[in-house]
Amino acid sequence: MSASTNKALTMPLGGRFWALWSASLASNLSDGVAMIAMPWLASSLAPDNAAPVALVAAFGRIPWLFLALPAGVLVDRVPRFTLMVASNSLRMLLWGLLAVAVFFGWVSIPLLAVFAAAFGALEVCHDTAAETAVTSLVDKEGLERANGHLRSGAVVAQEFGGRPLGGLVLALGLFVPFLFNVGALLVSVLALLRVRATAPPADTATTRQAPGGSVSGPSAATGAPRELRGVGADLAEGVRALWNQPLLRAVAVVSVFVNTAFATMLSTQVLFVRDALGLGPAGFGLLMAFAAVGGIAGGQVVAWLRAALPHGTLPVVCLTGSGLLYLTVALFPSTPVVAGAYFVAGGLVLGYGVAMTSVRQRITPDRLLGRVNAAMRTVTWGMSAVGMALGGVLVSSLSSFLDQEDALRAPYALVGAVCLGVVVFFGRGLTRLVRENDV
């Protein structure tokens with residue numbers, strides 16, 4: 001490895017980054033609790049009907065499809081840490097109101113769906129700002145490490161902290177998880193206020209030269225004023241910035257296929273575990289733990305892999321490995337095979353996400369980064385919502401002429417085929433574009 005590579009792998013990330021990491025950890029702990037508490041509450045309101053539970057989940061995802069682009073405009077117009085503080089403060093208020101509604105028996109499926117949509121909208125603003133603000137805290141050489149730490153921390157908080165805690169505090173009462181979330185988000189807000197309070201003045205912030213000669217840097221992230229135009233014009237500029245950049249356009253196209261296929265698997269995997277593997281809730285939780293541990297490992301080694309592999313090949317390696325593993329699950333659906341595949345695939349999927357996020361942060365001018373991130377999230381999360389709906393349709397359609405167990409293997413086969421198909425048709429071009437643009 002070169003001296004610059006060794007420096008990128010060992011240089012400290014700084015106290016402000018670790019304060020952001022702490023805020024992210026607390027926020028994701030809240031999200032993990034919600035992943036258990038919200039569907040559990042929905043199922044208690046409609047115990048004999050799966051449709052209302054799916055409705056609440058869908059309402060939580062819909063904002064990513066319709067609000068991500070406007071949120072990107074907001075991120076590029078206002079101080080990003082202030083937006084994150086405001087978003088989490090409003091989420092605290094909403095969790096408190098929901099706890100009151102549950103305690104007094106006022107909650108219903110329609111009201112829960114409205115709360116889910118509101119939480120989703122605030123999550124769009126917070127997460128888009130967070131992904132954009134990283135570049136103001138970390139040099140571009142350290143982005144893989146920073147993003148890897150953030151993603152790994154999110155997995156730990158959600159899977160090993162939030163979900164088990166959600167199950168435990170539910171035993172104390174249906175309203176208790178929502179009170180817990182108020183406390184978790186308070187910790188997040190306090191950490192974000194520390195980051196904001198220690199921000200350097202905009203006029204002394206260091207700038208960096210972006211591809212194409214555009215100057216970008218922390219000054220934009222700390223709220224330096226810029227000329228405001230109409231929202232439509234800002235939206236169009238962000239979408240054009242993504243589409244006109246060859247590498248970002250290629251990643252967006254790949255995401256349409258991969259994320260849609262992956263979501264079909266996510267929406268039906270609990271049935272696959274129950275019916276095809278014959279496992280109960282504890283077994284399902286253990287499989288999710290295998291995937292989570294793999295994700296943590298992937299987040300920690302992605303910077304090293306980027307340095308060790310030939311330049312530009314990391315995304316293709318991750319896609320190829322993921323495709324082969326999910327095809328293996330479809331062909332050999334036994335618990336040991338699935339557990340091993342989940343562990344390795346968890347690391348590859350998170351590694352691909354970290355790699356592509358870091359590249360996007362490096363090559364996008366800072367003044368456009370919020371909108372470009374939002375446009376990419378519209379593609380990835382929006383297609384996830386579509387894929388989740390398609391997953392149920394796919395399995396239901398196949399179940400009319402296949403056994404239920406065989407039909408539930410189809411989404412895994414689809415994910416594997418799509419990942420490998422992307423590698424065959426786009427892999428060489430994707431590697432070339434990374435080499436040309438991420439310099």
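Trp18 is partly exposed, with a relative accessible area of 35%; here buried means under 20%, exposed over 50% and partly exposed in between, using a 1.4 Å probe and protein chains only. Before going on, a word on ground rules: this is a predicted model, where local features need pLDDT of at least 70, side-chain atom pairs count only at pLDDT 80 or more, and totals for chains, interfaces and linings use all residues. Residues are numbered from 1 along each chain as its sequence is written, and side-chain values use heavy atoms, with hydrogens and water left out.

Back to the tryptophans. Trp21 is partly exposed too, at 24% relative accessibility. Both Trp18 and Trp21 sit in helix H2 (residues 15–45), 3 residues apart, or about one turn of the helix. Helices are DSSP runs of H or I with at least four residues, numbered from the N terminus. As a rule, an α-helix has 3.6 residues a turn, so residues three or four places apart point the same way.

Now for the rings in general. Rings of Phe, Tyr and Trp (its six-membered ring) pair if their centres lie within 6.5 Å; planes under 30 degrees apart are stacked, over 60 edge-to-face, and the rest tilted. That rule gives 11 aromatic pairs. In one of them, the ring centres of Trp18 and Trp21 are 5.6 Å apart with planes at 75°, so this pair is edge-to-face.

Trp95 and Phe178 make a stacked pair, 5.5 Å centre to centre with 10° between the planes. Trp95 belongs to helix H5 (residues 80–103) and Phe178 to helix H8 (residues 176–197), so the pair ties together parts 83 residues apart in sequence. Trp95 is buried at 4% relative accessibility, and Phe178 is buried at 0%. Ring pairs also link Trp95, Phe115, Phe119 and Phe178 into a cluster.

One charge sits over a ring as well, meaning that NZ of Lys or CZ of Arg is within 6 Å of the ring centre and within 35 degrees of the ring normal. Arg249 lies over the face of Trp243, at 5.5 Å from the ring centre.

On to the salt bridges, each a side-chain nitrogen of Lys or Arg within 4 Å of a carboxyl oxygen of Asp or Glu. The structure holds 18 of these salt bridges, including the following.

| Salt bridge | N to O distance |
|---|---|
| Arg77 and Asp234 | 3.1 Å |
| Arg274 and Asp275 | 2.9 Å |
| Arg362 and Asp438 | 2.8 Å |

Arg362 is in helix H14 (residues 335–363) and Asp438 in the segment after H16, so their bridge ties together parts 76 residues apart in sequence. Both Arg362 and Asp438 are buried. Arg274, by contrast, is partly exposed at 49%, and Asp275 is partly exposed at 23%.

Asp234 lies in helix H10 (residues 231–244) and is buried, with a relative accessible area of 0%. The C-alpha atoms of Asp234 and Arg371 are 8.1 Å apart, although 137 residues separate them along the chain. Salt bridges with shared partners join Asp76, Arg77, Arg80, Asp234, Glu237, Asp366, Arg367 and Arg371 into one network.

Finally, helix H16 (residues 404–437): its 34 residues reach 46 Å from first C-alpha to last, close to the 50 Å expected at 1.5 Å a residue, where the expected span is 1.5 Å times one less than the number of residues. H16 has a kink of about 65° centred on Phe426, the bend being the angle between axes fitted to the seven residues ending there and the seven starting there.

Note on methods:
Helices (H or I, at least four residues) and strands (E, at least two) are DSSP runs, numbered from the N terminus.
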